[in-house]
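Welcome! Please open the model in your viewer and keep the selection tool at hand, and we will walk through it together.

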Amino acid sequence: MQIEIATLFPDMCEAVLSESIIGRARRAGYLSVTCHNIRDYTLDKHRRVDDKPFGGGMGMVMQAEPVYRCWEAVCAALPEKPHTIYLSPQGKTLTQQRARELSRLPALFLLCGHYEGVDQRVLDKIVDEEISIGDYVLTGGELPALVLTDAVARMCTGVLPNASAFEEESHFSGLLEYPQYTRPELWEGEGVPEVLLSGHHRNIDKWRQAESLRVTQEKRPDLYAAFLEQENSPE
Ligand code: 9D3
C-alpha cells in the first residue's frame, strides 16, 4: 500500500509517521507513506498557497493550482491514479469497514485542507471521496489524514505482527477487550484476578469471555445489544 499525503504541514505528518508501528513498517518496506508540501507546487514568487474568498467573508481559501500541481506530480510517479480522498468535516465518518476496504487499494492520495477550505474547482477535478473522522471541529485535515493512515496501514500485510490486525473480526467479534494485568502481582495493595495466575487456560478463556461481555454491557450498551442480536439471529 502506498499513501501520498498532500499538506501545508509535512513536518507535522512526518513526525507522527516516523514513530512506533507505522514508522517501523515504513522502514521495513511494508508500507510507503510520503508527505508532500503543497507549498512546493506554487508558481507564485512569494510561495503563496491561499487567497481571500471570492464574494467576501472570513479567512482564506487554499488555491486550486498548487493542490492540482501536487496531485499531478504524484500521479505521474505512480502506475495508476491513486484513490483520492479529501479529509473534510463534510465527509462520511470513517468506519472500521471503510478503513478495511481502503487498505485493499494500491494507492491513496490524501488531501489535507487548512484555513476555510480549498477552492471547489480542484476538489471537483481530483477528489473521489470525502472523509471526516467525527463530528467535532479541528483546525485542519492533517490529524484526520494521520488517523486514516494509521487505521488503514495496520491492516496491510507485515505492518502488525501475526494476524492481530484482524482480531476484531474473529476473536473479538464485536465485543470490547477484557482487562489486562502484568507484573508485579501486588501493586499498591491490589492483586490480580486469581484465575489469571492459575495456568488453567480453559478457565482463563472463560473468564476473559465473561469479562468482555461485562465490560461491553457496562461501557457500550449499543455494542452489547448488537452482539446479542447477532448471537440470537439464525445463520
Ligand atoms: C469555516 C470553518 N468551518 C465552519 C465551522 C468549517 C471548517 C473547515 C475546516 C471547520 C474545520 C475545518 C478543519 N477540519 C478539517 O479539515 C477536518 C475535520 C474536522 O474538523 N473534524 C473531523 N474530521 C475532519 S476531516 C478534516
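**Stop one: the sheet**

Begin with the open sheet, whose five strands come in the order β2-β1-β6-β5-β7 with parallel pairing. Its edge strands are β2 (32-37) and β7, each pairing on one side only. Strands here are DSSP runs (E, at least two residues) and helices are H or I runs of at least four, numbered from the N terminus; two strands pair if DSSP finds at least two bridges between them. The model is predicted: local features need pLDDT of at least 70, side-chain atom pairs count only at pLDDT 80 or more, and totals for chains, interfaces and linings use all residues. Residues are numbered from 1 along each chain as its sequence is written, and side-chain values use heavy atoms, leaving out hydrogens and water.

**Stop two: β6**

Now select residues 107-112, strand β6, which five bridges join to the parallel strand β1 (residues 2-7). Look for Q2, whose bridge partner is A107, and for A6, which stands opposite L111.

Is β6 buried or exposed? Six of its six residues are buried, so the strand is largely enclosed by the rest of the structure. Buried means under 20% relative accessible area, exposed over 50%, and partly exposed in between (1.4 Å probe, protein chains only). Colour A107, F109 and L111 on one face, then L108, L110 and C112 on the other.

**Stop three: Y136**

Finally, select Y136, in the loop between β7 (129-132) and α6 (142-153). Y136 is partly exposed, with a relative accessible area of 47%.
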